Amino acid sequence: MDRHSATPILPISPFVQADLSLLKDAERVARELPAEQADLLVFTTGIFAAPKRQVTAEGIERDMAVSYLNRLVMLRNLAPRLGTQRIDGSLHARVFIMGYPGTGQLGTPDDLNSERAYKVMAAHMNTVAGNEALVVNSAHRYPDLGVFGLNPGLIKSSIRSNLMGADSLKHRIMEWLIGKLAPSADDYAARILPLLVSPDLDQRSGAFFNRKAQAILPSEGMNETYSKRYIAASEALIAKADVSLSD
C-alpha cells in the first residue's frame with residue numbers, strides 16, 4: 001500500500017458548473033463528464049435536512065435531492081462509461097460513495113420525500129440509508145466496477161449549516177467543538193487516500209470503510225433484497241422529476 005500512497009489523483013477537467021439540488025442538472029453533468037478515462041468516481045457528503053421541510057423546484061425534499069438522489073442519477077448515467085477507455089484497464093474503475101454506512105439506518109422507503117410526516121433526523125436518515133443502499137445495489141448491478149462506501153464519521157465542515165443556519169452562533173460553536181474533538185477534512189483525506197488506490201480492494205466491491213480506512217460491516221438488514229426495494233422507491237421519486245436513468 002505504501003507504493004500506492006503517493007499515487008497522484010488528478011481531477012477531471014474542465015470543471016462543470018451545476019446546481020446539484022436539481023436532478024436534471026445532475027443528469028446533465030453526468031452526460032457531460034468524460035468518464036471513459038476516469039479511474040475513480042468519488043461522491044462526497046452533501047447537506048443536512050433543515051428544521052422545516054425544504055423542497056427543490058422539482059418537488060424533491062432538498063436533503064434527499066442533494067445528499068443522495070443526485071448521486072443515484074449521476075452514477076446510473078456514468079457507470080456504463082466509467083473507465084472504459086483507460087490505457088491501463090488491469091484494475092476495475094472504482095466508485096466511492098461517502099455517507100454514514102454501517103450505522104444501522106434503514107430509512108423509510110415508503111416516504112422518501114418526507115411527505116407524510118417531516119422530522120429532521122428521519123429525513124436525513126433517509127439519505128444515509130439511501131447512500132448505503134446505493135453501494136450494495138450498485139456492487140451487484142455493475143460487476144465491472146468496484147463500488148465502496150465511506151463513513152468519515154464526525155468532521156468539521158459546512159454540512160450542518162442548513163440545519164443550524166449558515167454562520168450562526170450555534171453553528172460556529174458546534175464546528176469549533178467538532179474541530180477540537182474530530183479530525184479535520186485534510187487529516188481524513190490523507191488517511192483515506194491510499195485506500196482509494198489500494199490493490200487490496202480488488203474483488204471486494206460492496207465493502208464499507210470507516211474514517212481510519214478500516215473495513216466495517218453494513219447496517220443489519222441492508223442486504224441486496226432491501227437495497228433493491230430502496231432503489232426502486234428512489235427511482236419512482238426520480239421519475240416524478242422527469243429525469244432519466246441510463247440503465
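**Exercise 1.** Determine which helices the buried residues of helix H2 pack against.

*Solution.* Begin with the assignment: helices (H or I, at least four residues) and strands (E, at least two) are DSSP runs, numbered from the N terminus. Helix H2 spans residues 23-32, and its buried residues are Leu23, Asp25, Ala26, Glu27, Val29 and Ala30; buried means under 20% relative accessible area, with a 1.4 Å probe and protein chains only. Next, apply the contact criterion, heavy atoms within 4.5 Å. The buried residues of H2 pack against helix H3 (62-78) and helix H8 (224-240).

The model is predicted: local features need pLDDT of at least 70, side-chain atom pairs count only at pLDDT 80 or more, and totals for chains, interfaces and linings use all residues. Residues are numbered from 1 along each chain as its sequence is written, and side-chain values use heavy atoms, with hydrogens and water left out.

**Exercise 2.** Identify the residues with the most contacts inside the largest nonpolar core, and the element that gives the most to this core.

*Solution.* A nonpolar core is a set of buried Ala, Val, Leu, Ile, Met, Phe, Trp, Tyr and Cys residues joined through side-chain atoms within 4.5 Å. The largest one has 43 residues, and Leu23, Leu75 and Val95 have the most contacts inside it. H2, S1, H3, S2, H4 and H8 each supply at least two of its residues. H3 gives the most, with 9 residues. Beyond its neighbours within four places in sequence, Leu75 is in contact with residues including Leu41, Phe43, Val95 and Leu134.

**Exercise 3.** State the strand order of the open sheet and its edge strands.

*Solution.* Two strands pair if DSSP finds at least two bridges between them. The order of the 5 strands is S1-S2-S3-S4-S5, with mixed pairing. Strand S1 (40-43) and strand S5 (215-216) are the edges, each pairing on one side only.

Key: Buried means under 20% relative accessible area, exposed over 50%, partly exposed in between (1.4 Å probe, protein chains only).
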